[in-house]
Amino acid sequence: MRTIVAPDVVSASKFNRFHLLVFLWCFYAIAFDGFDIAMYGVGLPWMMEELHLTPVQAGAVGSYSLFGMMLGALILAPVADRYGRKNVLVICMLLFSIFTLGAGLAPNLTWFTVMRFIAALGMGALMPNVISLMTEYTPLKSRAMIVAAMYCGYSIGGILASLIGMYIVPVVDDWRVLYYIGALPLLTTPFFIKQFPESISYYMARKNKAKIAEILNKVHPEGNYSEKDEFQFAPIEKSAKKSPVAKLFTENRAFSTISIWVAVFCTLMMAYGLNTWLPKMMQEFGFSITSSLSFNLVLCVGQILGSLLGGYYAGKIGHRKVLVTMFFIGAVTFIALSMTSNVVGLYILICLGGACTVGAMNLANPYITEYYPRDIRATGMGYSQAAGRIGSILAPTLIAMILATGISPNAAFAMFAVPSIIAAIGYILVREKYASFDKMAQDPLDQGTAQVRNV
């Protein structure tokens, strides 16, 4: 009888239609995360004018939404590890789409803030679950690049929001159209429920051999898996008895967990600060609303380039070396932004800034996910994101207060160099020898694919 280690089957598999299906749905879901963050910043100049908001008020509304994201990550990520990541993703998409539509229909600022807060609960838990599932179902050899490509959906969402702000909002003369478009996941959720797979770790924890075999036959059709096979459940069974949150600090992981949290805190502080205030900051430089949105577009392009190039090199030399390098480059970029007034130079540096903030975060996400054992990856990712959300909560209001003092945008850009350096140090301090990075086991009986061990 053969003994099957299901995660090894996935790690050793070759990219096929099943992997593509998972990729496309994860790309789609993460795109709305990027769209959500960008649409607030894109619509903010018109919103401030219509509702007569001060910079501090606008920053506070943005921070309330990000606080909702933090709560969503804290509450729903551990729930996903216990009750199914797909189930939680469905809840996330429903919360986001329904209440984003509600924000678009809100009659005043109070209701708008409440709607945004509830929608943010869903968005906060969406990211860690999408990343955990994509990492779990991606072949190991191409994981860094595929996960990085998937996460480009975040930037595509930001680009879409920028284009709508540049070409549609001025025509319809209503910033709320951004929020109507944000409700689209409500229409596609039934298809998601039908097509998207549940986490294989979820089925392993419940010893559901039928579901495991069904998924493995999609991942590796030549394996001919069935319920009669002997599946290895022991590692999952043992860990399932412990609290997912407590496990983040056991087995010598505590120091690295804190280091990761600090790094993510600084990264999201930079990312959300730029996404929220970049158009307004460029207006302060003297650009029109439409021209200022073009910088947001360039920022998103930089995020994509950073994700893809970083993903390529991460597969060659390792995630941590690439991450540390990118954050140090980011620090130099922000200092250079504080000294530049040339338009072409600004575009180039904003693009590089996007690569070294969200682009770097895209690479950090699979690194963080794989640092933890498979059964607590959504929790590990969720809690690191929750720590990061504290930074993202502080960023809009902090930058608003800085801008309210009359400081030049140049000086504001220079301040981003500090969290960039701290993020680099955070990843340097991660103790990789205690990590649970997936490795490719070798099995000569299965031509080196490592998915089956015969006994």
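Q: Where is H52 found?
A: H52 sits in the loop between α2 (17-51) and α3 (55-83). Bear in mind that this is a predicted model.

Q: Is H52 buried or exposed?
A: H52 is exposed, with a relative accessible area of 67%.

Q: What about its backbone, what is the phi of H52?
A: H52 has a positive phi of about 55°, although H52 is not a glycine. Most residues other than glycine have a negative phi.

Q: Which phi does K207 have?
A: K207 also has a positive phi, of about 55°, and K207 is not a glycine.

Q: And where is K207?
A: K207 lies in the loop between α10 (200-205) and α11 (209-219).

Q: How does K207 count in terms of accessibility?
A: K207 has 45% relative accessibility, so K207 counts as partly exposed. That class lies between the buried limit of under 20% and the exposed limit of over 50%.

Q: New topic, the surface. Which residues form the nonpolar patch?
A: The patch on the surface is formed by M145, V301, L305, L309, Y312, Y313 and I317. Together these residues have about 650 Å² of accessible area.

Q: Which helix gives the most to that patch?
A: Helix α14, residues 289-317, gives the most, with six residues.

Q: Take V301, then. Where is V301 placed, and how does V301 count at 36% relative accessibility?
A: V301 is in helix α14. At 36% relative accessibility, V301 counts as partly exposed.

Q: Buried or exposed, I146?
A: I146 counts as buried because its relative accessibility is 12%, and the limit for buried is under 20%.

Q: What does I146 touch?
A: Leaving aside residues up to four places away in sequence, I146 touches F15, F23, M134 and T138.

Q: How far apart are I146 and Y383?
A: I146 and Y383 are 237 residues apart in sequence. In space, C-alpha to C-alpha, I146 and Y383 are 23 Å apart.

Q: Last one, α20. How many residues does helix α20 have, and what does it reach from first C-alpha to last?
A: Helix α20 (residues 417-428) has twelve residues and reaches 17 Å from its first C-alpha to its last. That is close to the 16 Å expected at 1.5 Å a residue.

Q: Which residues in α20 are buried?
A: In α20, the buried residues are A417, P419, S420, A423, A424, G426 and Y427.

Technical notes: Residues are numbered from 1 along each chain as its sequence is written. This is a predicted model: local features need pLDDT of at least 70, side-chain atom pairs count only at pLDDT 80 or more; totals for chains, interfaces and linings use all residues. Side-chain values use heavy atoms; hydrogens and water are left out. Patches are made of residues with over 30% relative accessible area and no salt bridge: like charges are joined within 9 Å, nonpolar side chains (Val, Leu, Ile, Met, Phe, Trp, Tyr) within 5 Å. Accessible areas come from the Shrake-Rupley method with a 1.4 Å probe; for residues, only the protein chains shown count as cover. A salt bridge is a side-chain nitrogen of Lys or Arg within 4 Å of a carboxyl oxygen of Asp or Glu. Helices (H or I, at least four residues) and strands (E, at least two) are DSSP runs, numbered from the N terminus. Buried means under 20% relative accessible area, exposed over 50%, partly exposed in between (1.4 Å probe, protein chains only). Contact means heavy atoms within 4.5 Å. The expected span of a helix is 1.5 Å times one less than its number of residues.
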